[in-house]
Amino acid sequence: MSTFNFAELSPDLILDAIESTGLRVDSGLLALNSYENRVYQFIANESERYVVKFYRPKRWSKAQLLEEHQFAIELAEHEVPLVAPLTFSGNSLLEYQDYYFALYPSVGGRQFEVDNLDQLEWMGRFIGRIHQVARGNSFEFRPAFTVNDYLHLPAKELQQGELVPQQLQLAFFTILNQVVEEAANCFSASNAIRLHGDCHPGNILWRDGPTFVDLDDCRSGPAIQDLWMMLSGDRHQQLLQMDTLVSAYEEYTDFDHNELRLIEPLRAMRMVHYMAWLNKRWQDPAFPQAFPWFASDKYWEQQILALKEQLSALREPPLKLMP
């Protein structure tokens with residue numbers, strides 16, 4: 001595939017790709033909320049619901065995609081509630097006209113409640129189970145969380161882009177560079193393990209407990225990366241939430257409390273990486289349609305304020321749980 005987008009991914013191609021597996025599509029294609037890839041729900045063989053994911057060309061190598069699938073299947077085999085890809089003739093990663101794709105069973109559920117301590121306890125327990133399995137092996141091809149990938153390169157991407165309004169560039173890049181420097185100095189991940197990588201509430205379905213979806217961003221990194229996005233509210237609330245998560249997590253595997261100091265650097269890395277991701281994908285027609293505010297002055301003014309708040313957070317003492 002010579003392009004980085006989905007220009008050739010027509011409805012006919014999608015249907016032909018699905019039916020190349022032997023499934024008979026008995027419904028239309030319902031587009032699901034995904035921008036990095038293209039994801040559709042459909043009914044096949046009269047009653048079974050499936051989800052098909054077409055991977056963005058040239059984003060991940062075949063070896064990296066296979067490693068994602070192997071991790072998902074390994075977790076499912078250990079009875080971790082994670083939606084793993086289906087296999088056809090022993091293959092989970094499928095290919096049709098140069099597009100890589102995968103099929104999954106369709107699962108339902110609602111988003112879990114981040115301020116519900118009972119549900120957070122469940123989350124801590126199951127993330128502990130994920131990491132218990134994850135520590136048994138390591139990624140060979142998937143990358144790790146690094147300051148270069150999540151701070152330096154994204155900052156360069158933003159500087160080379162054209163979406164930051166001219167009159168805001170000095171203020172924006174001044175605070176951006178300060179946040180990048182502070183976060184880079186605070187971040188280190190010596191005990192990297194295999195991670196879900198993007199364990200936010202949108203990737204968790206709740207129905208009598210959590211079901212994890214979407215390992216598309218799985219990487220190696222510190223365990224805290226799969227926990228900190230569960231936090232919400234003020235510092236006191238976050239302390240209570242983290243204590244609940246860690247107590248349940250430690251039922252299955254050890255937690256290094258020194259990693260609490262990485263929460264704010266990781267938050268800064270996510271902020272910078274997200275802005276650069278939108279900037280990099282802006283030529284994909286789906287992005288201006290889904291994120292029209294990204295090109296507005298108001299958005300960049302808000303980011304200047306958010307980065308100032310994040311710089312202050314980086315300079316505060318990290319969360320510390322009671323022994």
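**Sheets, helix packing and a salt bridge**

Arg 110 stands opposite Trp 206 in β8. The model is predicted, so local features need pLDDT of at least 70 and side-chain atom pairs count only at pLDDT 80 or more, while totals for chains, interfaces and linings use all residues. Residues are numbered from 1 along each chain as its sequence is written, and side-chain values use heavy atoms, with hydrogens and water left out. Helices (H or I, at least four residues) and strands (E, at least two) are DSSP runs numbered from the N terminus.

Strand β8 (residues 204-206) is joined to β6 by 2 bridges, and these strands run antiparallel. They belong to an open sheet of 3 strands with the order β6-β8-β9 and antiparallel pairing; two strands pair if DSSP finds at least two bridges between them. The edges are formed by β6 (110-111) and β9 (210-212), each with a single partner strand, so one side of each has no neighbour in the sheet. Helix α3 (residues 117-134) packs on this sheet and touches β6, β8 and β9, where contact means heavy atoms within 4.5 Å. The direction of α3 makes about 40° with that of β9. Axes are lines fitted to C-alpha atoms, for helices over the stretch in contact, and angles run from 0 to 180 degrees between N-to-C directions.

An open sheet of 5 strands has antiparallel pairing and the order β1-β2-β3-β5-β4. Here β1 (30-31) and β4 (94-96) stand at the edges with a single partner strand each, so one side of each is left without a neighbour in the sheet. Strand β5 (residues 99-105) pairs with β4 in the antiparallel sense over 3 bridges, and Leu 94 stands opposite Phe 101 in β5. Two helices are described against this sheet. Helix α1 (residues 11-19) lies across β2, β3 (48-54), β4 and β5, at about 115° to β3. Helix α2 (residues 62-77) lies across β3 and β5, and runs at about 5° to β5.

Helix α9 (residues 297-314) packs with helix α5 (residues 169-186) at an angle of about 30°, the axes being 9 Å apart. This makes α5 roughly parallel to α9; angles under 35 degrees count as roughly parallel, over 145 as roughly antiparallel, 65 to 115 as roughly perpendicular and the rest as oblique. The crossing of α5 and α9 is left-handed, meaning that the near helix is turned anticlockwise from the far one by less than a right angle. Residues making the contact include Phe 172, Ile 175 and Val 179 of α5 and Ile 304, Leu 307 and Leu 311 of α9. By class, the contact of α5 with α9 has 12 nonpolar, 2 polar and 2 charged residues. Ala, Val, Leu, Ile, Met, Phe, Trp, Tyr, Cys and Pro count as nonpolar, Asp, Glu, Lys and Arg as charged, and the others, Gly among them, as polar.

The axes of α7 and α9 come within 10 Å and cross at roughly 160°, which makes α7 roughly antiparallel to α9. This crossing of α7 and α9 is also left-handed. Among the residues in contact are Met 271 and Met 275 of α7 and Trp 300 and Leu 307 of α9. The contact of α7 with α9 comprises 10 nonpolar, 2 polar and 2 charged residues.

The structure holds 18 salt bridges, each a side-chain nitrogen of Lys or Arg within 4 Å of a carboxyl oxygen of Asp or Glu. One of them joins the side chains of Asp 284 and Arg 38 (3.1 Å, N to O). Asp 284 lies in the loop between α7 (263-280) and α8 (286-290) and Arg 38 in strand β2 (residues 38-44), so the pair ties together parts 246 residues apart in sequence.
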